Amino acid sequence: MMEVEGSMNRAPDQSSFLRSRRSKALYQFKQQKLPACKPVLTPISVITVFMLMGFVFIPIGLITLRASRDAIEIIDRYDVECIPEEYRTNKLSYITDSSIPKNCTRYLKVQKYMKAPIFIYYQLDNYYQNHRRYVKSRSDQQLLHGLEYSHTSSCEPEESSNGLPIVPCGLIAWSMFNDTFTFSRERTKLKVSRNNIAWKSDREQKFGKNVYPVNFQNGTLIGGAKLDPKIPLSDQEDFIVWMRAAALLSFRKLYGRIEEDLEPGSVVEVNLMNNYNTYSFSGQKKLILSTSNWLGGRNDFLGITYLVVGSSSIVISIIFMLLHLKNPRPYGDNSWNKKSLAS
Amino acid sequence: MKRFVYINDDEASKELCCDNRISNRKYTLWNFLPKNLWEQFSRFMNQYFLLIACLQLWSLITPVNPASTWGPLIFIFAVSASKEAWDDYHRYLSDKKANEKEVWIVKQGIKKHIQAQDIQVGNIVWLRENDEVPCDLVLLGTSDPQGVCYVETAALDGETDLKTRVIPSACVGIDLELLHKMKGVIECPIPDKDIRRFDANMRLFPPFIDNDVCSLTIKNTLLQSCYLRNTEWACGVSVYTGNQTKLGMSRGIAEPKLTAMDAMIDKLTGAIFVFQIVVVMVLGVAGNVWKDTEARKQWYVQYPEEAPWYELLVIPLRFELLCSIMIPISIKVSLDLVKGLYAKFIEWDVEMIDQETGTASYAANTAISEDLGQVEYILTDKTGTLTDNKMIFRRCCIGGIFYGNENGDALKDAQLLNAITSGSTDVIRFLTVMAICNTVIPVQSKAGDIVYKAQSQDEDALVIAAAKLHMVFVGKNANLLEIRFNGSIIRYEVLEILEFTSDRKRMSVVVKDCQNGKIILLSKGADEAILPYACAGQQTRTIGDAVEHYSQLGLRTLCLAWRELEENEYLEWSVKFKEASSLLVDREWRIAEVCQRLEHDLYILGVTAIEDRLQDGVPETIETLRKAGINFWMLTGDKQNTAIQIALSCNFISPEPKGQLLMIDGKTKEDVSRSLERVLLTMRITASEPKDVAFVIDGWALEIALKHHHKDFVELAILSRTAICCRVTPSQKAQLVEILKSCDYRTLAIGDGGNDVRMIQQADIGVGISGREGLQAARAADYSIGRFRFLKRLILVHGRYSYNRTAFLSQYSFYKSLLICFIQILRFWNQSFQFG
């Protein structure tokens, strides 16, 4: 290495090379002498870097965790409770029998003050919206252009029924979630907004304004929700939310927003229609009310990660420091290497 | 097997194979694509990528767009194919140029101008000065009345000196006009690639000469790609054409060398492939099980009840595709690119340009730079590699008197100059041998100076020294030599030349003194090849001492000898010699035997000592490289004493008491065995001590050791860090490389002469010094450098950089691919195999 640097002036026709900056750079490249720097990982610098990382990450973690804890969440699993006692042993027969009324009432106690807007989600667990067969079974072109678009082979096996094309086609549309919820407090209905729950881009770009459901849920097998054939797809926001398939097998989807504040101690009464079948594959259904803050909803993961990384950095730096104090090695000493070479 | 060539007879030669079309091409326009694809797909990695790409075409299983594999794959293939095509196109162009060159030939007695590719075997080809020889010819006539012409054979063997070629004795004196109508038959061996041998016979048909068989040797040929020099014209009959010429036969694509890193990458790829298959099997089985137990319950997926037969394969194949990035497709292209750059860095390096000649380093093999950083053994030649190969005559010992001992230069020794002027017989004879016992050609330059064209540097040094001592070799006119001594011209007629071979280790000439008609034998050679043949009465003790003394000073020694021959002794012998020279089989061996019969009872005149200076920076380079843990072996054809002396002066071995030299010698199997045993014992004992122990072995003992004690010798090779092998032949050099390679050492061979070519090709890395002994070694080598000291930079800077960079690049490539792949695998587990 020493040689590389030391020999610059010995180059014979160097002057001709250095005529301009560019040819100088080229010369340096060709002679592998381009200026470069490389951090030297001495014990001191490594200890300092780890220490600094710890000092920066721990406060960030604390702040994030605090923010996450500020968001208040009420979670209620209702799929088991909403089945009458007599059907508990055979849930499947209850959910598939359309003659049995499916309504159910749940009471949610508010522990802490919740400030509007309060987001309403439904959560499905063990539901594979990311299954390959399922994800592929849709036609984005048809959602935008409707019947005009006829190449819907990707929608198999829900492409057509009774010889007529289905709009919207495909398994995702066919299996749409169809539980409904209404919310009241002390006999008065809560103000719930059901608009603006889908992405704006989806509404405007991906779902046609002139596309109306046709021949939907008319087959022998009925999947999930039915759609109003008089409303264009771009206005059916529950549908648009559902069509955005989740990546993980446990997911939440936005149902609406409560536009009033909830006092601590108050009880929210939820009237729901328990229509959707998760019983055949032992899935779970949950209803969630959640406030949000500057970090979004309640999620401890980020904060905990920061804390774990930060504290392990400090532990590592302390270990390194102790090792360094016990076995100090002067910079550039390679006697250990010589020993291994000699043997 | 023999071939009969009928001179000037189209009908008879027709069935004798091809025309003179040269083809170095690997492909034709039609077979390029299939052949190139076939070659590329013989690599495991490429087969793997093709399989993946084909699987991706099946839309049922592919998770990605097929273009993501086809794109890079086609790119990689296009890059390799166009590189091949480009090389091949250039070969085609140069072939075409050579094929369409216009030449003069004689057909049915008429001179015609045709393209070189239309030359048939048996045609008479005419060449003018500075023409390139289009095919292998047997010389029939030249402009020189004695039938001599000169050729430059640089393209063939890399030697830049001019060589003499003579017409066969049967053709001497044939008139220019008659040459056109010449008829005859040449009996020659089937085409081979030995450019130093041509054992053939010629018989001319009447009316030329009676049915006398005339022997032909390589001296009577003009080989393809040589140039005619210093001769107005020459003509010859073509015997080998096209790809059957000596050059055409010796062409051939050398086996590509693989680096340790390449082997490692191949191994790693195989291992990753196995791992990938395991992962795919586990995930595939689990996926199928999950599908049958869980997925059928997911009503929203609507699994069909009926499934096609290949259903079980679908999930494993999908996993295969998802895991296919474990083996990075980019690694081959990236490595090729960076390796090309390493080679360029070596060529660009201004510190590796030889200031004297202006030659830069050159990397002929771009693929093995990183092995430079892995070298464990360097096998080096001595002459021209460690030394300058600039021979200078320094001292001599004539008739027991040492000259040049005081001031180190015999040319300025007053005592010697006095002896010359006083006309001492021994001294004058000594000078005569120096001046004419050689194959040097004096060329009168335009300024009037005499320039010598010599095949060996030693001969050059001797002739020049003789000239400085007033014995000037003025001119060579066919067999007539002219020497100017003290103003008078002395003429000698050369009768025979008994050539130098590495087995004989001496050369002699038989000359006739034109003044008094005496026939004299002049010999020069290595001491052990001359001294045993001294005449009975002479004491060779002082000569032996002189040789010993000079070699201890690191000088090269030659013994000069002289004998007057009786007229009839010569004539008797000359018949036998002629007979041996016209043999088709074992000619070389027979000639050596016949020569032996003449070279005895020699009167030893004295010893010459020639200095061969060390190159600049050799000791420092060797010391630095040894500090880097690299072991050195010196393989030389030179004498043991000279070799040891040079080894001492360039830090190769340390003097006592720090170093110790262990000799392995002996002439018989038992001697060598005992000696080897002893050395091995010492080696084992001293292995732990910090002492430089080196063994010295000569070619003879090496032969025996390799034959009978191969195992012991291999152990010795592993134990010793330094070795000096002297008096070794080119094939022994290659054998030694082979032994070290078989012990799994990375070897680098460095040399400069034709005798190093085999060792250079054999070693993992061959380095040639583009020096004075021609370009043969540099041409065969992977790297050629101008000076030995550049080896330090080549290994320690370029080798290390290349090794580190390639290691980083390949590790990073695999790391990156595996990382991406593991993210996916982890997700499969996490999601309980939802990819049904």
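Across all chains of this predicted model, the count of salt bridges comes to 37.

**Salt bridges within chain A**

Select A:Arg252 and A:Glu73. Their side chains form a salt bridge, with an N to O distance of 3.1 Å. A:Arg252 belongs to strand E9 (residues 251–258) of chain A and A:Glu73 to strand E1 (residues 73–77) of chain A, so this pair ties together parts that lie 179 residues apart in sequence.

Select next A:Glu85 and A:Arg88. This pair too forms a salt bridge, and its closest N and O atoms are 3.6 Å apart. Is A:Glu85 buried or exposed? A:Glu85 is exposed, with a relative accessible area of 61%, whereas A:Arg88 counts as partly exposed at 27%.

**A salt bridge within chain B**

Move to chain B and select B:Glu132 with B:Lys101. The two side chains meet in a salt bridge at 3.0 Å, N to O. Distant parts of the chain are linked here: B:Glu132 sits in the loop between strand E4 (124–128) and strand E5 (136–142) of chain B, and B:Lys101 in the loop between helix H4 (67–99) and strand E2 (102–107) of chain B, 31 residues apart. Both residues are partly exposed, B:Glu132 at 28% relative accessibility and B:Lys101 at 37%.

**The largest nonpolar core**

Return to chain A and select A:Tyr127, A:Phe181, A:Phe183, A:Phe239, A:Trp242 and A:Leu289. These residues have the most contacts inside the largest nonpolar core, which has 63 residues. Among the elements of chain A that give two or more residues to this core are strand E2 (103–109), strand E3 (118–125), helix H10 (237–243) and strand E11 (284–290). Strand E9, visited above with A:Arg252, is also one of them.

Centre the view on A:Trp242. Which residues does A:Trp242 touch, not counting those up to four places away in sequence? They include A:Tyr122, A:Leu124, A:Tyr127, A:Ile172, A:Met176, A:Phe251 and A:Tyr276.

**Between chain A and chain B**

Display both chains together. The contact takes 35 residues from chain A and 33 residues from chain B. The area buried between the two chains is about 3,100 Å², and carbon and sulfur atoms give 54% of it. Select A:Gln32, A:Tyr128 and A:Arg132, which supply 25% of the area that chain A buries against chain B, more than any other three residues.

How many salt bridges are counted between chain A and chain B? The count is one. To view a salt bridge of this kind, select B:Glu351 and A:Lys33, whose side chains meet at 3.9 Å, N to O. Nine residue pairs between chain A and chain B are in polar contact. On the side of chain A that touches chain B, the residues divide into 18 nonpolar, ten polar and seven charged.

**A last stop in chain B**

Finally, select B:Gln660 in strand E28 (residues 659–664) of chain B. B:Gln660 is partly exposed, with a relative accessible area of 22%. Its contacts, not counting residues up to four places away in sequence, are B:Thr682, B:Lys691, B:Asp692, B:Val693 and B:Ala694.

Definitions and conventions. Residues numbered from 1 in each chain as written. Chains lettered and ligands numbered in written order. Predicted model: local features only at pLDDT ≥ 70, side-chain atom pairs only at ≥ 80, totals over all residues. Heavy atoms only, no water. Salt bridge = Lys/Arg side-chain N within 4 Å of Asp/Glu carboxyl O. Helix = DSSP H or I, 4+ residues; strand = E, 2+ residues; numbered from the N terminus. Buried < 20%, exposed > 50% of the residue type's maximum accessible area, 1.4 Å probe, protein only. Core = buried A, V, L, I, M, F, W, Y, C linked by side-chain atoms within 4.5 Å. Contact = heavy atoms within 4.5 Å. Buried area = accessible area lost by both parts, 1.4 Å probe. Polar contact = N/O pair within 3.5 Å; in protein donor to acceptor, adjacent residues only side chain to side chain. Nonpolar A, V, L, I, M, F, W, Y, C, P; charged D, E, K, R; others polar.
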